[in-house]
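Please keep the sequence and the structure in view while reading.

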Amino acid sequence: MAQVLLIEDDPAIRRSLGMALGRHGHRVRAAETGEDGLRQSRAERPEVVVLDLMLPGIDGFEVCRRLRADSGVPIIMVTARGDDFDVVSGLEAGADDYVVKPVEPRVLDARIRAVLRRGVAEPQRVETHAGLVLDRGGMTVAKDGEPVTLTPTELRVLLELSRTPGQVLSRQQLLESVWEHDYLGDSRLVDNCVQRLRAKIETDPASPVFVQTVRGFGYRFGPV
């Protein structure tokens, strides 16, 4: 299904998760340190990275930041607990989603498949919104004639919001349509993704034009 890089220092977890993901059809390469994971990522260009946060040497937060600095590869972080600080720090570092240990392989497989679907092209349609050009078929974005590099998750959030300019989408609606979380999910996934998206497409992220907050409800796409 996908080429997965699993960065996990615990040998038992690394082995069991690797085998489980293999049974789900994924091709898994494993690394036990952040340094080794970065080397493998540069050399092999995986489709998805599953990243433990608590690593020796370079920790998972720094690995995530370094991966995100030069790659849009989807990153699913693994945290030993649902600790608010760990989750928020990981999302701010650029992770797309997270799972909590002990990891259920079927849940991780579902998250991997969901994040891969975010990069699937849509029917050909090119839209221009006040200098922002969205090519849905080509899955590309340009601002004032310059290409904008987005991760698959950032791109999918932008495409979902821009389908209905002016209409407010709640965080839960975005969790369901982008992350495919069909339960009351973690709205921090949405908020941190929007923050990163604004930094890339807005002239002034503090006063956004394209991705606007509707306090108490969610987000809408403008200008309207």
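His26 has a relative accessibility of 5%, and because buried means under 20% relative accessible area, this residue counts as buried. The place of His26 in the chain is the loop that runs between helix H1 (11–23) and strand S2 (27–31). In this predicted model, the side chain of His26 is joined to that of Asp109 by a polar contact of 2.7 Å.

**Surroundings of His26**
- Leaving aside residues up to four places away in sequence, His26 touches Met1, Ala2, Val4, Leu21, Asp109, Ile112 and Arg113.

**Domains and their interface**
- The protein chain is divided into domain 1, covering 3–118, and domain 2, covering 126–221, and the C-alpha centres of these two domains lie 24 Å apart.
- The contact between them takes 18 residues from domain 1 and 15 residues from domain 2.
- About 1500 Å² of area is buried between domain 1 and domain 2, and carbon and sulfur atoms give 45% of this area.
- Of the area that domain 1 buries against domain 2, 42% is supplied by Leu91, Asp96 and Arg118, which is more than any other three residues supply.
- Across this interface there are 10 residue pairs in polar contact, counting pairs in which both residues are at pLDDT 80 or more.
- On the side of domain 1 that touches domain 2, helix H4 (84–93), strand S5 (97–100) and helix H5 (105–117) each supply at least two residues, and the largest share, five residues, comes from H4.
- The residues on that side of domain 1 divide into eight nonpolar, two polar and eight charged.
- The count of salt bridges between domain 1 and domain 2 is one.
- Arg117 forms a salt bridge with Glu180, in which the closest N and O atoms are 2.5 Å apart.

**Salt bridges**
- Side chains of opposite charge can pair when their charged atoms come close.
- The count for the model comes to 21 salt bridges.
- One of these joins the side chains of Arg29 and Glu44, at 3.4 Å from N to O; since Arg29 lies in strand S2 and Glu44 in helix H2 (residues 34–44), the pair ties together parts that are 15 residues apart in sequence.
- Arg29 is partly exposed, with a relative accessible area of 44%, and Glu44 is also partly exposed, with a relative accessible area of 26%.
- Arg196 and Glu154 form a salt bridge whose closest N and O atoms are 3.2 Å apart; because Arg196 lies in helix H8 (residues 187–201) and Glu154 in helix H6 (residues 152–162), this pair ties together parts that are 42 residues apart in sequence.
- Both Arg196 and Glu154 are buried.

**A network of charged residues**
- Glu160 forms a salt bridge with Arg163, with 3.0 Å between the closest N and O atoms.
- Within this pair, Glu160 is buried, with a relative accessible area of 15%, whereas Arg163 is partly exposed, with a relative accessible area of 36%.
- Through salt bridges that share partners, Glu122, Arg125, Glu127, Arg136, Arg156, Glu160 and Arg163 are joined into one network.

Conventions: Residues are numbered from 1 along each chain as its sequence is written. This is a predicted model: local features need pLDDT of at least 70, side-chain atom pairs count only at pLDDT 80 or more; totals for chains, interfaces and linings use all residues. Side-chain values use heavy atoms; hydrogens and water are left out. Domain bounds come from an automatic or database domain assignment. Contact means heavy atoms within 4.5 Å. Buried area is the accessible area (1.4 Å probe) that two parts lose on being put together, summed over both. A salt bridge is a side-chain nitrogen of Lys or Arg within 4 Å of a carboxyl oxygen of Asp or Glu. A polar contact is a pair of N or O atoms within 3.5 Å; within protein, one must be able to donate a hydrogen and the other to accept it, and residues adjacent in sequence count only if both atoms are side-chain atoms. Helices (H or I, at least four residues) and strands (E, at least two) are DSSP runs, numbered from the N terminus. Ala, Val, Leu, Ile, Met, Phe, Trp, Tyr, Cys and Pro count as nonpolar, Asp, Glu, Lys and Arg as charged, and the others, Gly among them, as polar. Buried means under 20% relative accessible area, exposed over 50%, partly exposed in between (1.4 Å probe, protein chains only).
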